[in-house]
Amino acid sequence: MPVGTLMPIFGFDLTKPIISQIDIFLNWLQKTNQSYWQLLPINAQSINNLSPYSNLGIGLINFIDPIEITDLEVEQFSQNNSWAFTLALHSYLTAQYNTDHWWLWPQLISNRDPETLSQLATSKYSQIYKHLQIQATNFKIWQIIKLKANDKKIKIIGDLPFYIDKSSPLVWQFREAFEIEPKGFTPQVSGVPVSKAFPR
């Protein structure tokens, strides 16, 4: 019967390059005749001692491996992943307003006024691009990790959160698909039960 080990990304030391650490882990899986590496949802909340199931819906961790990436690779990554620019814009605005609570941002931005967002995309492109570059670099790092696992005949498996965190750029972009009360409250959350006076 195939066996494996659950090892979340936040089980590694993320203040150091990740590829070499995962290489050691994959070698151990191979030597112990394991064929699965199970992950928990990949997100920054889990690093900050919050539940990995309170998830942005997009893996968002800034790996620090010294991997070079070209402008063309960043452009191709953005073109091939329709969510990438929204995430980059959300990351820029989070830094700008010192909160990822998009419902607390200026109204035209929180309500995604097309003209306002278009102006932002033009006037702040260089700052937004830096976040795209981080995403593309991390994607490249993850491709390297996946190839290493595949070479060792190890499959990477995982699971998904029951609910996407209300601060997610996906909720900001597609709020009509989510149950959201005024001021950003969400009546349902994943993980430990909480009161409705939730916003974290």
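The expected span of a helix is 1.5 Å times one less than its number of residues. Keep that rule at hand as you open this predicted model.

**Stop 1: helix α1.** Select residues 19-31. Helix α1 has 13 residues, so at 1.5 Å a residue it should span 18 Å; its end C-alpha atoms are 18 Å apart, which agrees.

**Stop 2: the buried side.** Now show the side chains of Ile 19, Gln 21, Ile 22, Phe 25, Leu 26 and Leu 29, which are buried in α1. Why do they sit on the same side of α1? Around the axis they cover an arc of only 155°, which puts them there.

**Stop 3: the opposite face.** Next, pick Ile 24 and Lys 31. These exposed residues are carried on the face of α1 turned away from its buried side.

Stop 4: Most residues other than glycine have a negative phi. With that in mind, step just past α1 to Asn 33, where phi is positive, about 60°.

Then go to the loop between α4 (84-97) and α5 (107-110), where you will find Asn 98. Asn 98 also has a positive phi, near 60°. Is Asn 98 buried or exposed? Its relative accessibility is 70%, so Asn 98 counts as exposed.

Finish in the loop between α5 and α6 (114-123) by selecting Arg 112. Arg 112 is not a glycine, yet its phi is positive at about 55°. With a relative accessible area of 22%, Arg 112 is partly exposed.

Technical notes: Residues numbered from 1 in each chain as written. Predicted model: local features only at pLDDT ≥ 70, side-chain atom pairs only at ≥ 80, totals over all residues. Heavy atoms only, no water. Helix = DSSP H or I, 4+ residues; strand = E, 2+ residues; numbered from the N terminus. Buried < 20%, exposed > 50% of the residue type's maximum accessible area, 1.4 Å probe, protein only. Arc of directions from axis to C-beta.
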